[in-house]
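Student: I have a structure to read and some questions about it. Can we take it piece by piece?

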Amino acid sequence: MEIIADFQLHSKYSRATSKNTTPENLAEGARLKGLQMLGTGDFTHPSWLAELKNKLQLVEDSNLFKYKEIFFMLTGEFCTIYEQGGKTRKVHHMIHAPSFEIVEQINEKISK
């Protein structure tokens, strides 16, 4: 099965993003572009997480969520910053979580 997806997304709480970035608008944009699945992005932000919990519906027997006809995976991005050869380097890690419960565990661990 082929799925057309975009997992590299950010919420309206990220720098340099539209304040109109909502699950509703993301789903509509995905539909217009022919995408079937999106990452939620930014699950570490408390306000965004609350909005996702309120608006996304769990797809039974899966680790997916849905808004209208668009599937969502819970995603967040973490940046590892280090120095090498006198230069600052950054590696961005995309994290996929299977449930809101796991997201809450991740958020609790990184908050320390």
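**Helix pairs, rings and core**

Tutor: This is a predicted model. Start in helix α2, where Glu51 and Lys55 sit four residues apart, about one turn of the helix.

Student: What joins the side chains of Glu51 and Lys55?

Tutor: An α-helix has 3.6 residues a turn, so residues three or four places apart point the same way. Here N and O come to 3.0 Å. The cut-off is 4 Å. Glu51 and Lys55 therefore meet in a salt bridge.

Student: Is Glu51 buried or exposed?

Tutor: Buried means under 20% relative accessible area. Glu51 has 10%. So Glu51 is buried.

Student: How many salt bridges does the whole structure hold?

Tutor: Side chains of opposite charge can pair when their charged atoms come close. One further case is Lys112 with Glu108, at 3.9 Å from N to O. Lys112 is exposed, with a relative accessible area of 75%. A search of the whole structure gives a count of six.

Student: Now the rings. How are Phe43 and Phe78 arranged?

Tutor: By the rule for ring pairs, there are two aromatic pairs. In this one the centres are 6.4 Å apart and the planes stand at 65°. Planes over 60 degrees apart count as edge-to-face. So the Phe43 and Phe78 pair is edge-to-face.

Student: How far apart in sequence are the parts that Phe43 and Phe78 tie together?

Tutor: Phe43 lies in the loop between β2 and α2. Phe78 lies in strand β5. The pair therefore ties together parts that are separated in sequence by 35 residues.

Student: How does the pair of Phe65 and Phe100 count?

Tutor: The ring centres are 4.9 Å apart, and the planes stand at 55°. Stacked needs under 30 degrees and edge-to-face over 60. So this pair is tilted.

Student: Where do Phe65 and Phe100 lie?

Tutor: Both residues are buried. The pair links distant parts of the chain, 35 residues apart. Phe65 is in strand β4, and Phe100 is in helix α3.

Student: Why are the buried residues of α1 on the same side?

Tutor: The buried residues are Pro23, Leu26, Ala27 and Ala30. They sit on the same side of α1 because the arc they cover around the axis is only 100°.

Student: Which elements are among those that cover the buried residues of α1?

Tutor: Look for what lies over Pro23, Leu26, Ala27 and Ala30, the buried residues of α1. The cover includes β2, α2, β4 and β5.

Student: Which residues have the most contacts inside the largest nonpolar core?

Tutor: In soluble globular proteins, nonpolar side chains tend to be buried together. The largest nonpolar core here has 19 residues. The elements giving two or more residues to this core are α1, α2, β4, β5 and α3. The residues with the most contacts inside it are Leu38, Phe72 and Leu74.

Student: Which backbone nitrogen does the side chain of Ser99 reach?

Tutor: Ser99 lies in the loop between β6 and α3. At 16% relative accessibility, Ser99 counts as buried. Its side chain makes a polar contact with the side chain of Glu101 at 3.3 Å. At 3.1 Å, the Ser99 side chain reaches the backbone nitrogen of Ile102.

Terms used
Residues numbered from 1 in each chain as written. Predicted model: local features only at pLDDT ≥ 70, side-chain atom pairs only at ≥ 80, totals over all residues. Heavy atoms only, no water. Phe/Tyr/Trp six-rings, centres within 6.5 Å; stacked < 30°, edge-to-face > 60°. Buried < 20%, exposed > 50% of the residue type's maximum accessible area, 1.4 Å probe, protein only. Arc of directions from axis to C-beta. Contact = heavy atoms within 4.5 Å. Core = buried A, V, L, I, M, F, W, Y, C linked by side-chain atoms within 4.5 Å. Polar contact = N/O pair within 3.5 Å; in protein donor to acceptor, adjacent residues only side chain to side chain.
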